[in-house]
Amino acid sequence: MTTLPDFRLETHFSRWEFKARHHMTASDAETIGIGELLALADDTDREAWDKLTLGYTETYGAPALRLAIASTYQGLSAADILCFAGAEEGLYCAMLALLGPEDHAIVTVPNYQSMETLPVTIAASVTGVPLRPENNWRLDLADVHSALKPNTKLIAVNFPNNPTGSIADQQTFKALAELCAERGIHLFSDEVYRGLERDPALRLPQAAELFDRGISLNVMSKAYGLPGLRIGWIACRDHHLLERMEKMKHYLSICNSRPSEVLATIALKAREHLLDRNRALCAENLQKLGAFFAEFPDLYEWREPDGGCVGFARYLGSDGVETHCRQLVEEAGVLLLPSSLFVSDLLPVAQDRFRVGFGRKDIEVGLAAWRQHLQSGGAMKRSA
């Protein structure tokens, strides 16, 4: 097997995620405790939890969980759902199942590294499609058309996007699905932030709802704020594809955690409660974050993202974003992700950006430490 390169973001997190005092770049919404989650359970699921035994579960996922997941899609059933140990395992299996050494893939840039690295490792060629800051990071369908080749097998997108928080407009996304349907291309859609849109009108349909080759990736980690469950899934009406991915899962997790499946089922049945809570927290934090950046207009350029709980701010200081982020974490304990962690082998990525998160509570504590660092001379080199 081809050796994969280091996962830059995760390598950085291995060093700093649990050491930094203020995790200001978290990509997940605020979590809750098991007791609070169990309080949301109906009688059936509470009984399932109380009588739970710690045996294996089905490779595809427990029937109750798959049914709960299917209820979040229009026109899909439990048979269209394959569960994974988090979203990353699902992404990995999907790319291996979809692509071969003769194929071409198209991937949006910037992106979450594995959505690019895996196609680059597997396929004959991969073309990047830019999400441009001057276009508010929105997808331009003309770029997709320009990237198409006769052997294009897959187009991979992520909306709301990580790290920019952008969402394709409704017309563009539906036209992309129609293009894929016409050409027999699979549309792989990373939808892990769906439900955290700043405006409900921005919420896109899910790819698996639109056509047979639409593939929707989701997880309990991001919008739901339950990453410790390690429950992800792929929804797709192409059952032959699901079968191929299941066979790959046999070499990986084999099956999910049985306690996590019960807890995820409870959470999905209470999803409106959880999503309403997390949307309200994101909206509140966006106001605080916007006010903070407005205090330092010579250092930061900020546009509220369309959705999700991360954004890609611009740093204007002459010392550069790498130095700035390094000093913040080393001197003030404030963790941000500089754009070097989102570089692409396919297209340039702006080198004056950093990812900031706003999905967790007590953001003002981290902002206070960040502000103190700036005011004490931690970023005295200003832009011209």
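Good morning, colleagues. Please keep in mind throughout that this is a predicted model.

I shall begin with empty space. Rolling a probe the size of a water molecule over the atoms shows where such space is left. Across the whole structure, the search finds one cavity of 30 Å³ or more. The volume of this largest cavity is about 80 Å³. Which residues line the largest cavity? They are F159, P160, I167, F173, S189, E191, R194, E197, L202, R203, L204 and P205. By class, the lining of the largest cavity comprises seven nonpolar residues, one polar residue and four charged residues.

From the cavity I turn to the pockets. The largest pocket holds about 680 Å³ of space. Its lining consists of 34 residues, and those nearest the centre of the pocket are E10, E88, Y112, K222 and R230. Four elements each contribute at least two residues to this lining, namely α1 (8-16), α5 (87-98), α6 (113-122) and β7 (214-219). Sorted by class, the lining of the largest pocket has 16 nonpolar, nine polar and nine charged residues.

The second largest pocket contains about 350 Å³ of space. It is lined by 20 residues, with T72, R194, R203, Q206 and L275 closest to its centre. Which helix gives the most to the lining of the second largest pocket? It is helix α12, residues 271-295, with four residues. The classes here are eight nonpolar, six polar and six charged residues.

Let me now return to α6, which was named among the elements lining the largest pocket. Why is α6 described as largely enclosed by the rest of the structure? The reason is that eight of its ten residues are buried, buried meaning under 20% relative accessible area. The buried residues are Q113, S114, M115, E116, T117, L118, P119 and I122.

My last topic is salt bridges, of which the whole structure has 20. One of them joins K269 to D45, with the closest N and O atoms 2.9 Å apart. Because K269 belongs to helix α11 (residues 258-269) and D45 to helix α3 (residues 43-50), this pair ties together parts that are 224 residues apart in sequence. As to accessibility, K269 is partly exposed at 48% relative accessible area, whereas D45 is buried at 6%.

A second salt bridge pairs R279 with D276, and here the closest N and O atoms are 2.4 Å apart. Both residues lie in helix α12, three residues apart, so about one helical turn separates them. D276 is partly exposed, with a relative accessible area of 41%.

Another salt bridge is formed by K288 and E364, whose closest N and O atoms are 3.0 Å apart. This pair links distant parts of the chain, with K288 in helix α12 and E364 in helix α14 (residues 363-378), 76 residues apart. Both partners are partly exposed: K288 has a relative accessible area of 28%, and E364 is at 35%. Finally, salt bridges with shared partners join R138, R198, R303, E304 and D306 into one network.

Thank you for your attention.

Technical notes: Residues numbered from 1 in each chain as written. Predicted model: local features only at pLDDT ≥ 70, side-chain atom pairs only at ≥ 80, totals over all residues. Heavy atoms only, no water. 1 Å grid on protein atoms, 1.4 Å probe; cavity = no way out; pocket = protein on both sides within 12 Å on 5 of 7 lines; lining within 4 Å. Points joined across faces, edges and corners; volume = space filled by probe spheres on them. Nonpolar A, V, L, I, M, F, W, Y, C, P; charged D, E, K, R; others polar. Buried < 20%, exposed > 50% of the residue type's maximum accessible area, 1.4 Å probe, protein only. Salt bridge = Lys/Arg side-chain N within 4 Å of Asp/Glu carboxyl O.
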